[in-house]
Amino acid sequence: MLRSVFALFLMLLTSLSSVLASEKSITVVADDWPPYVDFSHPGKGLCIEVVRAAFATQGYALKVIKTSWARAIHGVEHGKYDILPNAWLTQERTKFLLYSQPYTSSRLKFIIRKGESFAYKDLSSLDNKVVGIISGSSYGQAFDHAKNFQRNEVINMMQNLKMLLAKRIDLMIEDELGFMATVNKRAPALLQKIDIVEPAFLNKPLHVAIGRSHKRRREIITDFNLGLEQIRKNGVLTEIKKSYGVN
């Protein structure tokens, strides 16, 4: 009888441990966007390292899954995955996503063919142009809803770059750091064929985001914010950024 009770106790303890382990596991989903998310890097990129370090202070382990950005957002919105590690905050997304405090930022710039002239003053500068963008991304409410130019949506930046060089679009918009890292890695010779327009069009903070339908959304975001504050104070955040060449 005592042995049976002890066996039952061990079963319940194992079950409880499994539940607790599950609750302390976070599924992170993202597309490849070096150096922010880089599945060829041992640390899987700047954003993944920051998110992992912040959550580790609160006892969480990460499982990182690769997919397209559009599928990542859809999966987090509908609860297939827990969090996005590198989301821009937009009014539209706040309807279905809850955001953390920002931990770094992304500088968006226009990219044109080498030797061509383009200066950005306001959205009227884009009159009648075709601008390459990434499906599922937002570039600010005014840009997203403007009617004076055409947006060409693709699933990754290299598609837009090839279309730019083939003169199928007039210009593209990308995060400068991510653009340089990706092209340097995949087709460095193409950098001689483009110019990056100064100044930056937009500076976009990056956040962790979770679906508003997620049962533990507030707990997870609160824990990330607590962990983020800890790695800010102990210098880990600064060291991670420096290792990727980010101030």
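Trainee: Hi! Where is Ile26 found?

Mentor: Ile26 sits in strand 1. Keep in mind that this is a predicted model.

Trainee: Got it. Is Ile26 buried or exposed?

Mentor: Ile26 is buried, because its relative accessible area is 0% and buried means under 20%.

Trainee: And what does Ile26 touch, leaving out residues up to four places away in sequence?

Mentor: With those left out, Ile26 touches Tyr60, Ala61, Leu62, Lys63, Asp82, Ile83 and Ile220. Among these, Leu62 stands opposite Ile26 in strand 2.

Trainee: How far apart are Ile26 and Pro42?

Mentor: In sequence, 16 residues separate Ile26 and Pro42, and in space their C-alpha atoms are 19 Å apart.

Trainee: Back to strand 1 as a whole. How many of its residues are buried?

Mentor: Five of the six residues in strand 1, which covers residues 25-30, are buried. The strand is therefore largely enclosed by the rest of the structure.

Trainee: How do strand 1 and strand 2 run, parallel or antiparallel?

Mentor: They run parallel, with six bridges joining strand 1 to strand 2, residues 61-66. Val28 is placed opposite Val64 of strand 2.

Trainee: Which helix makes a β-α-β unit with strand 1 and strand 2?

Mentor: Helix 2, residues 46-56, does, and the unit it makes with strand 1 and strand 2 is right-handed.

Trainee: Nice. Which residues of helix 2 are buried?

Mentor: Leu46, Cys47, Ile48, Val50, Val51, Ala53, Ala54 and Phe55 are buried in helix 2. That is eight of the 11 residues, so helix 2 is largely enclosed by the rest of the structure.

Trainee: What covers the buried residues of helix 2?

Mentor: The cover includes strand 1, strand 2, strand 3, strand 10 (202-211), helix 7 (217-233) and helix 8 (236-243).

Trainee: Since strand 3 came up, where does Asn86 lie?

Mentor: Asn86 lies in strand 3, residues 83-87. Asn86 counts as buried because its relative accessibility is 3%.

Trainee: What does Asn86 touch, again not counting residues up to four places away in sequence?

Mentor: On that basis, Asn86 touches Ala30, Trp33, Val37, Cys47, Trp69, Tyr103, Leu206 and His207.

Trainee: Switching to the backbone: which residues does a cis peptide bond join, with omega about 0°?

Mentor: Those are Pro34 and Pro35. Pro35 is placed in the loop between strand 1 and helix 2. Glu198 and Pro199 are also joined by a cis peptide bond, with omega about -5°. You'll find Pro199 in the loop between strand 9 (194-196) and strand 10.

Trainee: What about Asn128, what is its phi near?

Mentor: The phi of Asn128 is near 65°, a positive value in a residue other than glycine. Asn128 is in the loop between strand 5 (104-113) and strand 6 (130-134), and counts as exposed at 73% relative accessibility. Lys167 has phi near 65° too. This lysine is in the loop between helix 5 (157-165) and strand 8 (171-175), and with a relative accessible area of 62%, Lys167 is exposed.

Trainee: Last topic, the whole chain. How many helices and strands does the chain have?

Mentor: The chain has eight helices and 10 strands. Of its 247 residues, 46% count as buried. The C-alpha atoms fill a box of roughly 85 × 35 × 30 Å along the principal axes.

Note on methods
Residues numbered from 1 in each chain as written. Predicted model: local features only at pLDDT ≥ 70, side-chain atom pairs only at ≥ 80, totals over all residues. Heavy atoms only, no water. Helix = DSSP H or I, 4+ residues; strand = E, 2+ residues; numbered from the N terminus. Buried < 20%, exposed > 50% of the residue type's maximum accessible area, 1.4 Å probe, protein only. Pairing = 2+ DSSP bridges. Right-handed = clockwise from strand over helix to strand, strands pointing away. Contact = heavy atoms within 4.5 Å.
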